[in-house]
Structure formats: structure tokens, C-alpha cells
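Please walk me through this structure, one piece at a time. I am new to reading models like this one.

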Amino acid sequence: MVPLNYYLALSGVLFAIGTAGVFLRRNLITVLLSIEIMLNAVNLTFVAVGRYRGSVDGQIITFFVMTVAAAEAAVGLALIIALFRHRETLSPDAFTALKW
Amino acid sequence: MLLLIPLFPLVGFVINASVGRRLTKSISGGLACAAMIASFAVSALLVSQILGHEAAPLEFTLFEWMASGTLRVPFTLRLDHLSAVMILVITGIGSLIHIYSTGYMHEESDSEYARYFSYLNLFASFMLVLVLGGNFPVMFVGWEGVGLCSYLLIGFWFRKQSAADAGKKAFVVNRIGDFGFVLGMLLIFATFGTLDFQLVAAAADSRAIEHGAIGVITAATLLLFLGATGKSAQIPLYVWLPDAMEGPTPVSALIHAATMVTAGVYMIGRNAVLFSHAPITLSIVAAIGVATALMAGTIGLVQNDIKRVLAYSTVSQLGYMFLAMGVGAYAAGIFHLYTHAFFKALLFLGSGAVIHALAGEQDLRNMGGLKKYLPVTYWTFLIGALAIAGVPLLSGFFSKDEILFKTFTSTNPYRLLLWGIGMVTSLLTATYMFRLVFLAFHGERRSAAHHDSHGHGHGHAPHEAPPSMAIPLIVLAIGSVLAGYVGVPHALGGSNRIEQFLEPSFAVTEARGRLEAGGGVQSTDAAGVVRPVAVQDSHSADAGESTHDNTSTELMLMALSSGVAIAGIGIAAFFWLRNRAAVNAMTARFRGPYTVLLHKYYVDELYDAAVVQPIKLLSTGGLWKGADAGLIDGAVNGVGQTVRSTSNVLRRVQTGSIRTYAASLFLGVVLILGWYLLKFR
């Protein structure tokens with residue numbers, strides 16, 4: 001049986017990859033994908049800890065996270081499409097109109 | 001029933017103030033007059049119920065006005081003998097002046113006419129509350145109310161700068177006095193624990209008279225007297241009254257001669273027991289009264305505005321009333337108040353008729369010879385002048401002689417000085433009044449032809465007053481003759497009925513006194529019996545042995561003052577009727593004193609330099625530019641500036657770049673999590 005620490009280490013790596021993607025990539029779609037990776041890293045933690053403690057709570061909350069992630073993806077993609085139609089670009093640095 | 005007396009004019013005010021501008025003149029004026037006459041009828045009816053010497057006062061409590069701790073102030077109206085005299089004067093003479101006003105104000109527009117009558121009704125209502133009030137706060141309601149109406153009516157023609165200023169001056173000067181009144185009221189409550197006039201009198205009576213020592217009663221009465229000097233135009237607060245002549249003439253007659261300005265005298269009479277326990281205050285009252293009488297009398301001698309002469313005459317006569325109060329002759333003071341209301345109202349209305357006839361001319365130098373144009377005005381004015389001068393058998397003679405006699409026989413150490421100045425003032429009164437009569441009505445007509453070139457009013461003969469103005473004049477003239485006969489002194493075979501009538505009002509009512517002091521008062525009189533306090537030392541004149549002496553003294557004094565009155569008229573006749581050149585010679589010879597008198601002793605200038613200008617300076621330089629613009633505005637603007645400059649820096653944080661926001665979010669989460677991880681390791 002794989003020890004819990006392996007799962008936690010993997011999810012930590014995944015989360016770090018996702019975070020790096022959010023900050024470093026210059027494409028909004030990739031940023032969105034990176035967020036999905038971060039969410040799934042968290043999901044993995046939940047499921048692993050649930051399994052380790054012998055309860056189903058981790059799996060239940062994972063369903064919720066997946067639902068929210070689906071909704072987030074839908075809204076996020078819709079926004080991205082609208083932004084693209086407006087500016088012909090997907091670089092997050094292009095959208096800085098909302099400032100002082 | 002008692003409530004109806006002030007209620008009628010109040011209803012008149014409400015109607016005229018709300019819908020008056022849509023009513024025609026005859027309706028709005030008629031309504032105001034009807035309200036006053038109704039009020040007079042109710043007053044007469046109620047007064048007839050308490051005519052007896054032993055009759056208990058009528059009382060009516062409308063509601064409990066204030067109740068807090070030991071403070072209990074019911075809104076009580078109380079009709080006793082003193083207020084009976086006052087309400088008859090107010091409603092009776094008030095009605096006549098209302099009727100007169102319907103004629104006098106007829107050239108105003110409908111809405112102005114209604115506004116005038118609504119103010120006049122409101123004034124009457126407040127004045128009635130003032131005299132009917134059963135305790136200090138209710139009296140104060142009326143006291144302030146009449147002040148307000150006085151302000152409104154002085155400034156009735158508010159588009160004229162001088163009228164607006166005069167109203168403001170009256171209001172501000174009165175505030176100074178009212179401040180004293182309020183302080184006195186508070187001191188009385190702190191000392192006696194009550195504000196009801198009867199209870200205060202009873203409580204004061206159980207204390208020792210403060211001979212030669214300034215105790216709490218002396219302090220309280222002095223503060224109250226400060227209020228009286230404001231309302232009743234005495235030194236040092238008399239300066240507003242002459243300026244108040246900017247108002248319509250009937251207003252001068254009603255408010256600034258017959259009723260409101262006598263409120264201070266009434267207030268002292270109402271608190272006679274209290275004042276009797278403070279001999280120092282009484283001496284001050286007498287001194288101020290006689291000084292005011294003399295000062296105003298001398299000023300009145302040289303003024304050229306017909307209404308100003310009458311205004312100074314009013315100040316002077318009020319001084320007489322305060323002299324009477326100050327020597328403890330309360331009844332004599334109220335008696336003079338009552339007769340003065342008749343003849344001074346008559347004189348003012350007469351001068352109003354003259355002004356009306358000359359289309360607004362008030363300068364005596366431009367009058368003259370009006371006798372043949374205005375016979376009714378002339379004869380009634382002459383009766384008024386004779387009455388105020390103190391010619392025997394007219395009303396002023398009885399009341400003024402009563403005051404002078406009471407002064408002469410009082411216990412005041414300076415009684416002879418007071419009496420002497422009173423006599424001099426009496427001479428002055430006769431002289432300036434007849435100067436007025438001779439300048440206005442006798443001699444040649446001196447119209448102001450040189451500055452009347454545009455023909456307006458020139459060449460027209462002055463027209464006699466319309467009936468609505470003439471009838472009040474005639475009624476008041478009859479009153480000026482007959483009013484004195486309620487107070488014919490013993491020396492002339494009368495019984496001085498008014499003094500006996502008023503006596504209970506200046507005494508402690510035993511029943512109430514025992515109730516308050518909880519048995520502390522040792523009297524064994526039957527409940528409700530009224531015991532006159534030994535207020536008037538001269539009162540012993542009524543009792544037995546000294547009667548004869550006093551009678552001869554009184555007769556002698558009477559003869560003397562009659563002589564003085566006639567001498568005064570003689571002087572006036574010599575200077576202004578026979579020998580006008582002598583006047584010029586006199587003014588040239590006494591140029592200095594004449595100028596001082598003409599400028600009213602420079603008191604206005606003095607007040608302006610000593611009070612008005614420093615306050616202006618302080619307000620502009622200190623309070624406006626320093627405190628308001630500097631401190632308050634500075635603080636407010638400073639807060640704004642600080643927030644702005646800080647925000648200018650801080651708003652740079654909001655870059656609009658999502659990446660920055662996400663980075664700061666992430667950094668924050670890492671920091672917080674890290675801190676927790678390290679802490680709970």
C-alpha cells in the first residue's frame with residue numbers, strides 16, 4: 001500500500017505546477033487550465049486523507065469541488081471568449097483598464 | 001372660561017395668518033376686532049365675579065406642562081385683582097386700537113393688512129398669557145411671545161432698512177434683559193423649590209427681610225429687575241424703545257405705550273412680597289426709575305419727531321411707575337400704569353391721526369396750525385396732554401400725585417431727593433407735552449415746501465381722521481378724563497378704591513401659604529383670609545391718628561404738583577406759543593447742553609462704541625476669520641487633504657493587472673499559512 005506521504009507529495013507538486021502556470025503563462029486559457037490542475041491537486045489531498053482516515057468525507061467534498069470546477073470552467077471560458085472578441089488577444093497583461 | 005380670554009385673539013391670529021391674504025380688508029380687520037371685543041367681554045364678565053375684596057382668584061389649569069423631579073409646572077392661568085386690571089386694560093384699550101388700526105392701515109394691500117392684524121392678535125394673546133400666568137414659566141411664555149410680536153411689528157415695514165434695524169435692536173436688547181429674567185427664575189426655583197407666584201410669595205414671606213445685606217432674595221429680585229429694565233425700557237436697556245417708533249403708530253400705542261412695556265412693572269407688582277423682602281433691590285428700582293424718568297424727560301424736551309417725543313415720554317412715565325414700585329407703593333404704580341395706558345394710547349393714536357393726515361410727515365418742524373384742520377384730533381390730543389401733564393381732576397393727576405405722595409412719605413432714606421426729581425420730571429412732562437401740542441396744532445402751518453417740490457401732498461388741506469380712527473380717540477379721551485376716579489385719594493374725600501382692590505394681590509394668601517410651609521406659618525386666621533403684608537409703611541395713613549397729618553401733607557403736595565403742571569404748561573406756552581424767538585435764543589445760549597440732549601446723551605453712540613463695535617470686531621476677526629475659517633474650516637479641510645494625499649500614494653496599489661492581484665493573494669496565503677505552520681509545529 002502506498003503511504004500517505006507519497007500522495008501528499010504528489011499533490012504538492014501538482015499544486016506548485018498549477019501555481020507556476022497561473023503566474024507565468026501568458027495565455028488566459030492556459031491560466032484556466034493551471035487553475036484546474038491546482039483544484040485537482042487539492043482533490044487528490046482530500047481523497048488521500050479520506051482514505052487514510054477511513055471516512056468518505058474526502059470523496060464527498062471532492063464531488064463538490066468538481067461541480068464548482070465545472071461551473072468555474074464554464075463561466076471562465078465564456079468570459080475569455082467575450083474578452084477575446086473585445087481585444088483580439090488573450091494575454092492577461094492586456095486587460096488592465098480597471099485601475100486607479 | 002378663563003382660557004377663552006387669550007384664546008379668542010389666538011383664533012383670530014390663526015385665521016388671519018393662514019387664510020388672511022385671501023380675505024378682504026373688512027373681513028380680516030373685522031375678525032381681529034371681533035376677537036378682541038369678545039375677549040374683552042369675557043374679561044369683563046370674569047372680573048365682575050371677583051370684584052369683592054375677599055374674592056378668591058379664579059384659576060384654570062390647562063395641563064401639566066413640565067414635570068421633572070421636584071419641578072412641577074402646570075400651565076395655570078390665574079385671575080386675581082392685579083391681573084384683572086391688566087386684562088381690562090389690554091383687551092379694552094386693545095380693542096380700541098384694533099378698531100383704530102382698521103382705518104390707519106387701510107392703505108396697505110390685503111395680504112399686508114391681514115399680516116398686520118394677525119400679528120396684533122397674536123400679541124394680544126401672548127400679553128394676556130403674560131398677565132394671567134400663574135407661575136413664572138407661563139408668564140415667561142407670554143413675556144417672550146410679546147417680545148416676538150414687538151419685533152415683528154416694529155419691523156412690519158421691513159423693506160425699510162431703519163425699520164428692520166429697529167426691530168432687531170429691540171429684540172437683541174430685550175434678550176439681555178430676558179437672560180436676567182431666566183437666571184432670576186432659576187435662582188427662585190433653586191431657593192424656594194417652586195415657581196408658582198403664590199407659593200413663592202408665601203415661602204419668601206417666611207424669611208427675614210434682607211436689610212442691608214445682599215441675600216438670595218436680593219440677588220433673585222435684581223435679576224428679575226434686569227428683565228424688567230429690558231422689557232419696560234429703563235436705564236440701561238431703554239435704547240430700543242425710541243427706535244421702536246419705526247413701527248406703525250397703532251402698534252406704538254398698543255405695545256410700546258399701553259401694554260407690553262408695562263410688563264416689567266406688572267412683574268414687580270406680581271412679586272410684590274418677594275421684592276418687599278429685598279430693600280436694596282427696591283432702592284435700586286426706585287433710583288433707576290427716577291433717573292430714567294428725568295433722563296427721558298430731558299431728552300423729550302428737544303426731539304423733533306412727534307413719535308419720538310411720545311416715546312421718551314413713555315420711558316419717562318415708566319420710570320415713574322418703577323419709582324412707585326421702588327418705594328413699595330405697588331398699587332400706586334399699577335394705578336399709574338392703568339391711567340397711563342389711556343392717555344398715552346390716546347396721545348399715540350392722536351399723533352397717528354396727525355401723521356395720517358399729513359401723509360407720513362412726522363417732523364414737528366413741518367407741522368403747525370393743524371388745529372383748524374383736525375378739530376377732533378386736536379381736542380382729544382389736548383385732553384391727553386392735560387392728563388399726562390397732571391392737571392387736576394384728570395386721570396394722570398390722581399395717579400402721579402399718588403406716586404409722588406407715596407415717595408414723599410416712604411421710608412427710603414433718599415425720599416426727598418427721589419421726590420424732588422419726580423417733581424422736576426413732572427414739570428418737564430408738562431413742558432414737553434405742551435411743546436408738542438403748540439408746535440403741532442398751533443401757530444402757522446409750516447409745510448415742508450422746499451423738499452416737497454414734486455407736488456405730492458402739497459397744497460392739499462390735511463384731512464380729519466375717518467370715523468374708525470376718530471371714535472377710539474374720543475373713547476380714549478373720555479377714559480383719560482374719567483379713569484382716575486377709581487383712585488380718588490382719601491385727602492380729596494375719595495376712598496382710593498383701586499388701592500383697596502389691588503391690595504390682596506400684593507399680599508400672601510394665607511391658605512396657600514400654610515399649605516406650602518406645612519404649618520410653619522404661625523397664623524391662625526381662617527383659611528382663605530387674606531393678610532396684607534406690611535409692605536407699605538405709608539399705609540398707616542389709613543389708620544387713625546396720623547390721618548390728619550398725612551391729609552394735610554397730601555393736600556399740600558397736590559397743590560404743589562398742580563402748580564408745577566400748570567407752570568410747565570406756562571413755560572411751554574411762553575416759549576413755543578408767545579415767543580418763538582426766545583427758543584432760538586435759549587438754544588444758542590445753551591448750545592452745548594442742547595446738542596447733548598438732541599443726541600440723546602450720546603448713549604446710542606456710547607453703546608455702539610462700548611458694546612456693538614467690540615462684539616463686531618470679535619465676531620469678524622476672532623470668531624469668523626479665526627475660529628470658523630481658521631479652526632473649524634481648517635480642521636475639516638485638513639482631514640480632507642490628508643486623506644487625499646494618502647490615497648494618492650495608496651491608489652497606486654490598484655494596478656488593474658490580475659497577475660499582481662493573484663500574486664499578492666498568493667503571498668498573503670503563504671505568509672498566513674507559514675505563520676500558523678511555524679506556530680503550531
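Chain B has 26 helices and 4 strands. Both kinds of element are DSSP runs, numbered from the N terminus: helices are H or I with at least four residues, and strands are E with at least two. This is a predicted model, where local features need pLDDT of at least 70, side-chain atom pairs count only at pLDDT 80 or more, and totals for chains, interfaces and linings use all residues. Residues are numbered from 1 along each chain as its sequence is written, while chains are lettered from A and ligands numbered from 1 in the order in which they are written.

Stay with chain B. Its C-alpha atoms fill a box of roughly 120 × 80 × 55 Å along the principal axes. The chain holds 681 residues, and 50% of them are buried. A residue is buried if 20 or more other C-beta atoms lie within 10 Å of its own, exposed if 12 or fewer, and partly exposed in between, with C-beta atoms placed from the backbone. Now look at contacts. Two residues are in contact if their C-beta atoms, placed from the backbone, lie within 7 Å. Take the contacts in chain B between residues at least 6 apart in sequence: 79% of these join residues at least 24 apart.

Next, a pair of helices. Two packed helices are described by the angle between their axes and the distance between the axes. In chain B, take helix α13 (residues 279-300) and helix α18 (residues 415-441). Their axes come within 9 Å and cross at roughly 25°. Here axes are lines fitted to C-alpha atoms, for helices over the stretch in contact, and angles run from 0 to 180 degrees between N-to-C directions. The angle makes α13(B) roughly parallel to α18(B). Angles under 35 degrees count as roughly parallel, over 145 as roughly antiparallel, 65 to 115 as roughly perpendicular and the rest as oblique. The crossing of α13(B) and α18(B) is left-handed. That word applies if the near helix is turned anticlockwise from the far one by less than a right angle; clockwise gives right-handed.

Which residues make the contact? From α13(B) they include Ala286(B), Val290(B) and Leu294(B). From α18(B) they include Leu418(B), Ile421(B) and Tyr432(B). The residues of this contact of α13(B) with α18(B) divide into 9 nonpolar, 6 polar and no charged. Ala, Val, Leu, Ile, Met, Phe, Trp, Tyr, Cys and Pro count as nonpolar, Asp, Glu, Lys and Arg as charged, and the others, Gly among them, as polar.

Now zoom in on single residues. Met127(B) sits in helix α4 (residues 110-132) of chain B. Is Met127(B) buried or exposed? Met127(B) has 31 C-beta neighbours inside 10 Å, so it counts as buried. Leaving aside neighbours within four places in sequence, its contacts are Ile90(B), Gly142(B), Val146(B), Thr259(B) and Met260(B). Val146(B) is 19 residues from Met127(B) along the chain, and their C-alpha atoms are separated by 6.0 Å.

Phe343(B) lies in helix α15 (residues 330-357) of chain B. Phe343(B) is buried, with 31 other C-beta atoms within 10 Å. Again leaving aside neighbours within four places in sequence, Phe343(B) is in contact with residues including Gly384(B), Ile388(B) and Ser480(B). Phe343(B) and Ala385(B) are 42 residues apart in sequence, with 7.6 Å between their C-alpha atoms.

The backbone has some details to find. A cis peptide bond joins Ile235(B) and Pro236(B), with omega about 5°. Pro236(B) is in the loop between α8 (216-231) and α9 (240-243) of chain B. Tyr601(B) has a positive phi, near 60°, and is a residue other than glycine. Tyr601(B) is in the loop between α24 (591-598) and α25 (603-650) of chain B. With 13 C-beta neighbours inside 10 Å, Tyr601(B) counts as partly exposed.

Turn to chain A. Chain A has 3 helices and 0 strands, in the pattern α-α-α along the sequence. The radius of gyration of chain A is 17 Å, well over the 13 Å that the globule rule gives for 100 residues, so chain A is more spread out than a compact globule. This radius is taken over C-alpha atoms, and the globule rule is 2.2 Å times the number of residues to the power 0.38. Of the 100 residues of chain A, 9% count as buried. Glu88(A) lies in the segment after α3 (57-87) and has a positive phi of about 60°.

Finally, the chains meet. Their contact takes 11 residues from chain B and 11 residues from chain A. On the side of chain B that touches chain A, the residues divide into 4 nonpolar, 4 polar and 3 charged.
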